Amino acid sequence: RLYDSHARRKDDLPPPPGPIGMYFCGPTVYQRIHIGNARPFVLSMWLKRWLEHRGYTVKLAENVTDINDKIYDAARPLGIGSAELARRATAWYVEDTDGLGLGRPDVEPLASETVGEIVALTQELISRGLAYESKGDVYFRVARFPEYGRLSGARPEEMAAQEPGQIKEDPRDFALWKAWKPNEDTWWDSPWGRGRPGWHIECSAMAEKHLGAGFDVHGGGLDLRFPHHENELAQSRGAGRPFARTWMHNGMIELGAEKMSKSIGNIVSLREALDRWGREAILVFFLGAHYRSPIEYSEVTMQAARAQAEDFRQAFRVAAARPSELTWESFADALDDDFDTPRALAVLHGWRAAGQLDLLARGLAVFGLAIDRAPDVAPPETHRLAVDRQAARARRDFAEADRLRAEIERLGFEVQDVADGFRLIPKAR
């Protein structure tokens, strides 16, 4: 069962083996992704792994938006072409998400490689009377799609969007194709002249190209529900496609009281988070909140996640198995019920406390947490640095303590302060 944002209820997936088609919206690539961008990636990979564990055949498509106004705007001050910036940022995205150790989606289509399909879909919408050309732009006629707004619940006054120079029949109409502007260094020829795709139709075309006209799950951040997902649904259903059966929206990562956003500037990059905390702590951090709920990224929450990851590792050092009422079915029931990772995490801790290491290792592996190994023994040099750091902290020389921590991390270990001194653990790989 998964909660469908469109129907606003939990619905059953078809029985195994499916197949199950899943499409998750990936990033717009113009800088390194932040830890919030990583949440839908982690959710999609975890859900794929779990469904495959349950006997399904799964195909996951996760796109890269490499045609977008934000890319043009970010490339100009750097003095490079927008296509080159998109290429570099795509490589950063793959490198950073590889650091999570969860593998890759089955297909990762680029918008720039799907322009032919986008043009064809736009032409079809025009032929159905659902779109029209205006000064080289092409717009979707919202008034002719009565279901518009049902997915997001957006009010009519929230739907109007008029950019300078646009001539629309209705302020709610949105762009399927944008006429070329002199400050844009990439374009494609089309029946309406030189231009480029609008953002929303890119995903409609990529999803259909790789998953077919109808598929099971469409995912992405809650901030995409309107207008992006609302517009995708209108385009594809308007063209006669069934499109997504279930819409999954994950909650936002918050830094303080606000959602983390590149446009606001309150971001922590995934690369920074990986370097600071390691992949295991980040994955446990995501496990601790239901995917539909917001989650706060802070020093406190990340320290707690890292401590939990260490607790799991410690469990494999002492084999003292005791009976436990928590069975594999307890774990499976949690994930089968709208992918309830906090409940599953509680089961993992129950197995840890009971010394049920076979079950614990099997459950952790679902989330890419294969930490069933004793830590590497810190060499004498690293241990000496940790002792020196403890002495620096005792005399309140925190600058020296920070320098020694950095040196310890350079040698591949993290130092944790505990009640009886310190603990050295290898940095997550």
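**Buried charges and salt bridges**

Tutor: Start with glutamate 184, which is buried, with a relative accessible area of 5%. Buried means under 20% relative accessible area, exposed means over 50%, and partly exposed is in between (1.4 Å probe, protein chains only). One caution: this is a predicted model, where local features need pLDDT of at least 70, side-chain atom pairs count only at pLDDT 80 or more, and totals for chains, interfaces and linings use all residues. Residues are numbered from 1 along each chain as its sequence is written, and side-chain values use heavy atoms, with hydrogens and water left out.

Student: Which residue does glutamate 184 form a salt bridge with?

Tutor: Arginine 196. The closest N and O atoms are 3.2 Å apart. A salt bridge here is a side-chain nitrogen of Lys or Arg within 4 Å of a carboxyl oxygen of Asp or Glu.

Student: Is arginine 196 buried or exposed?

Tutor: Buried, at 1% relative accessibility.

Student: New topic. Where is aspartate 189?

Tutor: Aspartate 189 is in the loop between strand 7 (174-179) and strand 8 (195-197). Aspartate 189 is exposed, at 65% relative accessible area.

Student: How far is aspartate 189 from aspartate 358?

Tutor: Their C-alpha atoms are separated by 59 Å. Along the chain, the two are 169 residues apart.

Student: Back to salt bridges. How many are there by this rule?

Tutor: The count comes to 37. One of them joins the side chains of lysine 209 and glutamate 117, at 3.4 Å, N to O.

Student: What does that pair tie together?

Tutor: Lysine 209 sits in helix 6 (residues 199-211) and glutamate 117 in helix 4 (residues 115-127), so the pair ties together parts 92 residues apart in sequence. Lysine 209 is partly exposed at 40%. Glutamate 117 is partly exposed too, at 32%.

Student: And which residue does aspartate 337 meet in a salt bridge?

Tutor: Arginine 343, at 3.6 Å, N to O. Aspartate 337 is buried, with 17% relative accessible area. Arginine 343 is partly exposed, at 35%.

Student: Which residues do shared partners join into one network?

Tutor: Arg32, Glu95, Asp96, Arg271 and Asp275. Salt bridges that share partners join them.

Conventions. Helix = DSSP H or I, 4+ residues; strand = E, 2+ residues; numbered from the N terminus.
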